[in-house]
Amino acid sequence: MGIAMLAPVAAAHAADWPSQPFRVLVPYGVGSSPDQVARIVSEKAGAILGQTMVVENKPGAGGNIGTFAIASAKPDGYTFGVSITGPLVNNTLLFDKLPYDPKRDLAPLTLAVHQPNVLVVPAKSGIQNVTQLLDEIRKNPDKFNFPSPGAGTVSHLAVELMLQQIGARAVHVPYPSSPAALTSVLSGDTQFAALPPIAVMPMVKDGRLRALAVTSSQRSSLLPDIPTLADAGVQGVEGSAWIGFVISSQVPADIRQKLADALIQAIKDPEVAKRLRAQYMDPVGDTPQAFRAYMDDELKRWGPLIEKLGIKGQ
C-alpha cells in the first residue's frame, strides 16, 4: 500500500513561494460539506497568500479517489485539499488495499471544522426522544433500518456504537451521499439516521424531521437546544463529521508550514468563521501536529468497532 516514488522536483523554498495559483481538491461532490469548507476557507487563504485557489471536485470510491489525487499530486505545494474520517483514517481498516497510505503519503495541514451529527426521525413517526426511539428498536429490531453516506462513515459508526451501548440492533443501509440517505428517511425506507446538521436541520425547522440528539460528547453551541446522547443516558458515543486540510507529505516542510499558517489564519478570520457556523460547522484551525494527534485518536476510537463488526468498504 502506498504511492510510487515521485520524481524529484526543483528545490522550492518558502521565500519565493507561492508564485502561481493553487488547486484545492475535494474528494466529494459540489455542495457537499467538504466542498463548502474548501470554498469558504480557500477564498480567504488565497487572499492571504496573494494567489487564486481553484476548487476541483474528484468524488468516488468513498473519498479514496480524490484523497489519492491529493497524496500523489506534484509536491510543489500548489495542490492540496480537504478530506474526512474515512479516507484519512477508517478506510485503512475498511479496505484490504488502498492506493495510498494516509499516514505516510499525506501530511496534515489543519483540522478545519467539527460537525456534530444529528440523530433524527421523521416527525410523523411519533417518536419524541432518544429513550423512546431506543425502546422501539429493542422491541422491534426487524423494523428499524438506518442510512449513512457509506459504510464506515461517522454517520454509520456513531449509530452502531449507540446500538452496541444499549445491546440493540438495526440494519445499516449505505447510500452514496448524505442527501440520498436523508431522502430514504423522508420516504420511509429507513426509520432514523445520524447525519450532518447542514443536511437535516432545514427539515427539522420545517417540521418534517424531529431532532433527538447530537452525537458529540457535549452540546453544540450551534445547536444548543438539542441534547447529547449522554443526556439521554447513552454514554461513550462521540461522533464528529470533521473535515481537515491535507497535502502530499513530499512537499517541503517550510512550504507546508506556510500553507498551514495561511489556512489556520483563514479559518480563524471572523467573517470566515461566521460563514462556517452558518453551515452548522464549528471552526477549529489547529496545528498540523494537533490534527495528526486527533486522527490517531480517531483510529483508536473507531478501529475496534470496525473490526468487531467486520465492516468493509464498498
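**Helices and domains**

Guide: Helix α6 (residues 154-166) and helix α11 (residues 288-309) have axes that come within 11 Å and cross at roughly 75 degrees, where helices are DSSP runs of H or I with at least four residues, numbered from the N terminus, and axes are lines fitted to C-alpha atoms over the stretch in contact, with angles from 0 to 180 degrees between N-to-C directions. This is a predicted model, in which local features need pLDDT of at least 70, side-chain atom pairs count only at pLDDT 80 or more, and totals for chains, interfaces and linings use all residues. Residues are numbered from 1 along each chain as its sequence is written, and side-chain values use heavy atoms, with hydrogens and water left out.

Visitor: How are α6 and α11 oriented to each other?
Guide: They are roughly perpendicular, a label given to angles of 65 to 115 degrees.

Visitor: Which residues make the contact?
Guide: From α6 they are L157, A158, E160, L161 and Q164, and from α11 W302, L305, I306, K308 and L309, with contact meaning heavy atoms within 4.5 Å.

Visitor: New topic: how is the protein divided?
Guide: There is domain 1 (22-114 + 241-309) and domain 2 (118-232), with bounds from an automatic or database domain assignment. Their centres, taken over C-alpha atoms, are separated by 26 Å, and the contact takes 16 residues from domain 1 and 14 residues from domain 2.

Visitor: And what area do they bury?
Guide: Between them domain 1 and domain 2 bury about 1400 Å², 73% of it on carbon and sulfur atoms; buried area is the accessible area (1.4 Å probe) lost on putting two parts together, summed over both. Y280, W302 and L305 supply 46% of the area that domain 1 buries against domain 2, more than any other three residues.

Methods. Helices (H or I, at least four residues) and strands (E, at least two) are DSSP runs, numbered from the N terminus. Angles under 35 degrees count as roughly parallel, over 145 as roughly antiparallel, 65 to 115 as roughly perpendicular and the rest as oblique.
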